[in-house]
Amino acid sequence: MNVLTSVRFFKSLFILTVTATEIFTGCSPNKFDVEVTEPVTINVTRLDSAMFEPVPDSVIGNILDFYTQYPQLFDIYMRRIVRLGGVESRYYNDYLRLFLQNPDIRECYDSAKVIFGDFGQQKSEIEKAFGYIRFHIPGFRVPEVYTVISGFNESILMTDSVVAVSLDKFLGSGSYFYERVALQRYTRKRSNPELLPIEVVRNWALSEYENRDSIRNMASEMIFHGKILYLMDAAFPKSKDHYKISYTLRDIEWAKKNESNMWAFLIDKKLLFSTDSREIRKYVEDAPFVPAFREESPGRVGAWIGWQIVRGYMERNPDVTIQELFNITDHHHILIESGYSPY
């Protein structure tokens, strides 16, 4: 066997070995796909059914019972979600009757029944996600979940121990109900039923944790939101990235393609250390697009970049746990230690 033949032989052998390894072990093992030995069970209360299955007069006649049965949520539901006020209001019963008899809202409830059924699938997915989180963060508080009809108001509302989910905000991005109420198109991206568990867990995380960095600038806020999205990596280990951030495929591809340009822009304009809260919100909060990056960009690209920074940091510091990650208050330390460079 001559030298050239030997090189070809060993090259072919190497390729076969790598291919076999990929087949049997996978190209890149998912470190978050762990075995959860202590499953989580959540309590789901169908307040939507309790409100809309009986005839309206029956609900109105027994409205005080609802305050007794659901003390953690019902007053918040009336005042903050459907915005009808409290029972002390002179016109409370009239407003409640109009809400319960509204044909659009009742039709919307009927659609939610068809889409979500007994809510069993969504309950299972939320439980799995919280199970993964408890694996990484032992002792976290498992919230109760209430399903409601909000009249197209808030999608998710959090209290200390309760998550209220508005089923009418998850009827599908193409739902004609959203055309009727002129729901902004960029918010409809997050209205698909399969995103409901994602949005529940993400909103829980945003209420459970806060940015405790003493320096509140653009970089700090981006990395804080990156931490939340890294937690979504752990909570939904088998989901694609665009689901975990509630993007469309087009959104995620745009972010990947333009990552280096966005980073260069933030550095060139000295925005990373900006403390202007209005400027920061443009990059990390929900919006139709980021003005600096044209209408083709999705909102929250600052959070997406923060996610990549946190991923880089955790890859370079494999001994740091998720719980320890959230205990780090110096987000600039994370930025420096991440070695982030998208060029």
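## A buried glutamate and its partner

Let's start with Glu221: at 13% relative accessibility, Glu221 counts as buried (buried means under 20% relative accessible area, exposed over 50%, partly exposed in between, using a 1.4 Å probe and protein chains only). The side chain of Glu221 meets that of Arg216 in a salt bridge, 3.1 Å from N to O. A salt bridge here is a side-chain nitrogen of Lys or Arg within 4 Å of a carboxyl oxygen of Asp or Glu. Arg216 is partly exposed, with a relative accessible area of 43%.

A quick note on what you're looking at: this is a predicted model, where local features need pLDDT of at least 70, side-chain atom pairs count only at pLDDT 80 or more, and totals for chains, interfaces and linings use all residues. Residues are numbered from 1 along each chain as its sequence is written, and side-chain values use heavy atoms, with hydrogens and water left out.

The structure holds 26 salt bridges. Take Lys123 and Glu127, whose closest N and O atoms are 2.5 Å apart. Both sit in helix α8 (residues 120-136), four residues apart, about one turn of the helix. Helices (H or I, at least four residues) and strands (E, at least two) are DSSP runs, numbered from the N terminus. Lys123 is partly exposed at 25% relative accessible area, while Glu127 counts as buried at 15%.

Another pair is Arg311 and Asp241, whose side chains meet at 2.9 Å, N to O. Arg311 belongs to helix α17 (residues 301-316) and Asp241 to helix α13 (residues 241-244), so this pair ties together parts that are 70 residues apart in sequence. Arg311 is buried, with a relative accessible area of 18%. There's a network of salt bridges too, linking Arg190, Glu199, Arg202, Asp286 and Arg300.

## The sheet

Now for the strands. Four of them make an open sheet in the order β1-β2-β4-β3, with mixed pairing; two strands pair if DSSP finds at least two bridges between them. The edge strands, each pairing on one side only, are β1 (44-46) and β3 (156-158). From one strand to the next, the twist averages 20°. Helix α5 (residues 74-81) packs on the sheet, touching β2 (144-148), β3 and β4, and its direction makes about 130° with that of β3. Contact means heavy atoms within 4.5 Å; axes are lines fitted to C-alpha atoms, for helices over the stretch in contact, and angles run from 0 to 180 degrees between N-to-C directions.

## Zooming in on β4

Which way do β3 and β4 run? They are antiparallel, with three bridges joining β3 to β4 (residues 162-166), and a hairpin of three residues connects them. Ile156 stands opposite Val165, and Met158 stands opposite Val163. β2 and β4, by contrast, pair in the parallel sense over five bridges, with Val162 in β4 as the bridge partner of Glu144.

In a regular strand the side chains alternate between the two faces of the sheet. On β4, both faces are covered: Val162, Ala164 and Ser166 are buried on one side, Val163 and Val165 on the other. Five of the five residues of β4 are buried, so β4 is largely enclosed by the rest of the structure.
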